[in-house]
Amino acid sequence: MIRKVAGLVLPLLSLSLGLFLASCANDGTMKCPFTKEAPFVPSAVPGDFAVVVDENHDTFYARQHIQQVISTADMMSRTTYTTFRDLNNVVSNRFTQETPLSAVQLQNMWNETARYHLLQGARTWINWYSDADIYKKDTYTIQIRANGLTRTYRQTNGFSGVLRPLMLQVDAVRLPISQDSKTPIVGATPAPATESTPAPATAPAAPAMLPATTPAVPDMTPVPTTAPQ
């Protein structure tokens, strides 16, 4: 009897667990596993969209703080690197790097923010703590602002869950790599077409660099002379 009950209960539990796992979306929210997910539709970047990232990199011999501020208002990214000397806790080095942003970069960041509902408080996964984290510990505080809303996330030793796509776009600003220029800009007006000057039908002949005839070489044969008689 117990085997028969177990044979009926276990498949039901497996089915319930499978439906529960299938109903979890990428952003941690619940969804119906029997309905097709609607495609993502990009929207225009808000005028107050901004991302502020504070990083702390701690080791046994040095500590570094990195703050990156990305703003749509001036389309700039300002990254300040500050290194602290561990002996007496003073600043040993500090400099700021300013990078102009393109409309494509801002559109990519906003697409990842809207796709994973980061302003609504998306659920992120927790990274496991291992023995390697004792030697070096990296903490991140990510603040996202748009449409009058502000959302803050805190991560340890990397980016997990739905924050990873956005942070890949943010980190790419600091690196000298090319961006995806094929992303359409929502709400942007196309640039007017400029008329190009038509090329001539025939190319002009190249001027001759050498004379047509070679000048004659003068005769260098000595002329015999007669001695006086």
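**Close-up 1. Glu-112 of the predicted model is buried, with a relative accessible area of 15%.** The structure shown is a predicted model. The side chain of Glu-112 forms a salt bridge with that of Arg-115, with 3.1 Å from N to O. Arg-115, at a relative accessible area of 33%, is partly exposed. Helix α2 holds both Glu-112 and Arg-115, which are 3 residues apart, or about one turn of the helix.

**Close-up 2. Helix α2 meets helix α4 in a left-handed crossing.** Helix α2 spans residues 103-115 and helix α4 spans residues 163-172; their axes come within 8 Å and cross at roughly 165°. Because angles over 145 degrees count as roughly antiparallel, α2 and α4 are described as roughly antiparallel to each other. On the α2 side, the contact involves Asn-108, Met-109, Glu-112 and Thr-113, while α4 contributes Pro-165, Leu-166, Gln-169 and Val-170. Sorted by class, this contact of α2 with α4 comprises 4 nonpolar, 3 polar and 1 charged residues. Glu-112, one of the α2 residues in this contact, is also the salt-bridge partner of Arg-115.

**Close-up 3. A salt bridge joins the side chains of Glu-55 and Arg-174.** The N to O distance in this pair is 2.7 Å. Glu-55 belongs to strand β1 (residues 50-58), whereas Arg-174 lies in the segment after α4, so the pair ties together parts that are 119 residues apart in sequence. Glu-55 is buried, its relative accessible area being 4%. Arg-174 is likewise buried, with a relative accessible area of 16%.

**Close-up 4. The side chains of Arg-78 and Glu-98 meet in a salt bridge of 3.4 Å, N to O.** Arg-78 is part of strand β3 (residues 76-85) and Glu-98 is part of strand β4 (residues 90-100), so this pair ties together parts that are 20 residues apart in sequence. Arg-78 has a relative accessibility of 32% and therefore counts as partly exposed.

**Close-up 5. Asp-74, Arg-78 and Glu-98 are linked in a network of salt bridges.** In the model, the count of salt bridges comes to 4. Among them are the pair Glu-55 and Arg-174 and the pair Glu-112 and Arg-115.

Conventions:
Residues are numbered from 1 along each chain as its sequence is written. This is a predicted model: local features need pLDDT of at least 70, side-chain atom pairs count only at pLDDT 80 or more; totals for chains, interfaces and linings use all residues. Side-chain values use heavy atoms; hydrogens and water are left out. Axes are lines fitted to C-alpha atoms, for helices over the stretch in contact, and angles run from 0 to 180 degrees between N-to-C directions. Helices (H or I, at least four residues) and strands (E, at least two) are DSSP runs, numbered from the N terminus. Angles under 35 degrees count as roughly parallel, over 145 as roughly antiparallel, 65 to 115 as roughly perpendicular and the rest as oblique. A crossing is left-handed if the near helix is turned anticlockwise from the far one by less than a right angle, and right-handed if clockwise. Contact means heavy atoms within 4.5 Å. Ala, Val, Leu, Ile, Met, Phe, Trp, Tyr, Cys and Pro count as nonpolar, Asp, Glu, Lys and Arg as charged, and the others, Gly among them, as polar. Buried means under 20% relative accessible area, exposed over 50%, partly exposed in between (1.4 Å probe, protein chains only).
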